[in-house]
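This report describes selected structural features of one protein model, including helix packing, nonpolar cores and backbone geometry. Please consult the sequence and the structure shown below while reading.

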Amino acid sequence: MRIAILSRNKKLYSTRRLIEACTQRGHEPLVLDALRSYMEVVPSKPEVHFKGETLNAFDAVIPRIGASITFYGTAVLRQFEMMGSFPLNESVAISRSRDKLRSLQLLSRKGVGLPSTGFAHHPDDIQDLIKMVGGAPLVIKLLEGTQGIGVVLAETKKAAESVIEAFMGLKANIMVQEYIKEAGGADIRCLVIGDKVVAAMKRQALPGEFRSNLHRGGSASLIKITPAERATAVKAAKIMGLNVAGVDLLRSSRGPLVMEVNSSPGLEGIEAATGKDIAGMIIEFIEKNAQPNKTKTRGKG
Ligand code: ADP
């Protein structure tokens, strides 16, 4: 198959592994920088151009779109969808997953376990917002933060009030969340492909830190997840409409809680922690599922 990988850099671990897996399985991979792909939007004949050439539709497109280029990257992917290429994850699902609040709203509608979360605009509502999520300590998050940046633990009500006020003053979009203390600075990353969790790892924060992101110095280890955790992760990916997802769970006293569903999960940490060939499994999924014009939304939403 002809498979395009939308990625800004061939040397990134995940991109390299996907190229390798394509080649090993007899496919023809091509890495395209989404920001160097440009589009001709004309009636009934959508086209993507790259460095002066017009590209034909691919059998599949693997989007590895960084959070900072979501708008442009999903526009390029949508153009490929309209040309009939099979996207590993659909543009609409990627856009949804990039907004933490929108994701939690979709998950809450279907009864998935979540940390209690509040969202407000006006400073006059701060007191009630804090009460709603169970008071301090609580977590304040920028809606579009990644890698743990923009996630703050406010230990006291006073600290929570002033941080929320400051963010509101800056017109930053934030949500306020119940702090899951019993998670002990750890979370679980479940890698979902299709309707299965194919790998899982525990990420533990450094001492004195509550964010377990590997980018914040967290360490990864192998973990055996429970059937409830497995079912929650698969359900979350399905609700978001993602074929491949990194679902982050917190272990709480009331069961697994979904924190986030990531549409471009990094492969390095999880392959190292589990020793599994995740890139190979992704290409295998494409082999089984890629058909022309099979996109559910075809960029409609
Ligand atoms: P990002 O998308 O920036 O990684 P997350 O929402 O995943 O942001 O939060 C970063 C880390 O902070 C998580 O991996 C987790 O360890 C910790 N964390 C986030 N929310 C909570 C919470 N409500 N309770 C306890 N820990 C949390």
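How are helix 1 and helix 9 oriented to each other?

## Basis of the report

The model is predicted, and local features need pLDDT of at least 70, while side-chain atom pairs count only at pLDDT 80 or more and totals for chains, interfaces and linings use all residues. Residues are numbered from 1 along each chain as its sequence is written, and side-chain values use heavy atoms, with hydrogens and water left out.

## Helix 1 and helix 9

Two packed helices are described by the angle between their axes and the distance between the axes. Helix 1 (residues 13-24) and helix 9 (residues 278-289) pack at about 55 degrees, and their axes are 8 Å apart. Helix 1 and helix 9 are therefore oblique to each other. Angles under 35 degrees count as roughly parallel, over 145 as roughly antiparallel, 65 to 115 as roughly perpendicular and the rest as oblique. Axes are lines fitted to C-alpha atoms, for helices over the stretch in contact, and angles run from 0 to 180 degrees between N-to-C directions. Helices (H or I, at least four residues) and strands (E, at least two) are DSSP runs, numbered from the N terminus.

The crossing of helix 1 and helix 9 is right-handed; a crossing is right-handed if the near helix is turned clockwise from the far one by less than a right angle, and left-handed if anticlockwise. On the helix 1 side, Arg17, Leu18, Ala21 and Cys22 meet Ala279, Gly280, Ile282 and Ile283 of helix 9, where contact means heavy atoms within 4.5 Å. The residues of this contact comprise six nonpolar, one polar and one charged. Ala, Val, Leu, Ile, Met, Phe, Trp, Tyr, Cys and Pro count as nonpolar, Asp, Glu, Lys and Arg as charged, and the others, Gly among them, as polar.

## Helix 4 and helix 7

Helix 4 (residues 100-109) and helix 7 (residues 227-240) have axes that come within 10 Å and cross at roughly 115 degrees. Helix 4 and helix 7 are therefore roughly perpendicular to each other, and helix 4 passes helix 7 in a right-handed crossing. Ser103, Leu106 and Leu107 of helix 4 meet Ala236, Ile239 and Met240 of helix 7. Five of the residues in this contact are nonpolar, one is polar and none is charged.

## Nonpolar cores

In soluble globular proteins, nonpolar side chains tend to be buried together. A nonpolar core is a set of buried Ala, Val, Leu, Ile, Met, Phe, Trp, Tyr and Cys residues joined through side-chain atoms within 4.5 Å; buried means under 20% relative accessible area, exposed over 50%, and partly exposed in between (1.4 Å probe, protein chains only). The largest nonpolar core has 28 residues, of which Leu107, Cys190, Val197, Ile225, Val247, Val258 and Val261 touch the most other members. At least two residues of this core come from each of helix 4, strand 12 (186-193), strand 13 (196-204), helix 7, strand 15 (244-252) and strand 16 (255-262). Helix 7 gives the most, with six residues.

Leu107 touches Val112, Leu114, Ala236, Ile239, Met240, Val258 and Val261, residues up to four places away in sequence not being counted. Another core, of 26 residues, lies apart from the largest one and includes Leu191, Ala279, Ile283 and Phe285.

## A buried glutamate

Glu229 lies in helix 7. Glu229 counts as buried because its relative accessibility is 4%. Residues up to four places away in sequence aside, Glu229 touches Ile188, Leu249, Arg251 and Pro256.

## Backbone geometry

Most residues other than glycine have a negative phi, and most peptide bonds are trans. A cis peptide bond joins Ala136 and Pro137, with omega at about -5 degrees. Pro137 is placed in the loop between helix 5 (126-132) and strand 9 (138-142).

Ser44, a residue other than glycine, has a positive phi near 60 degrees. Ser44 lies in the loop between strand 3 (37-40) and strand 4 (47-50) and is exposed, with a relative accessible area of 80%. Lys51 has a positive phi of about 45 degrees. Lys51 is found in the loop between strand 4 and strand 5 (53-55) and is exposed, at 56% relative accessible area.
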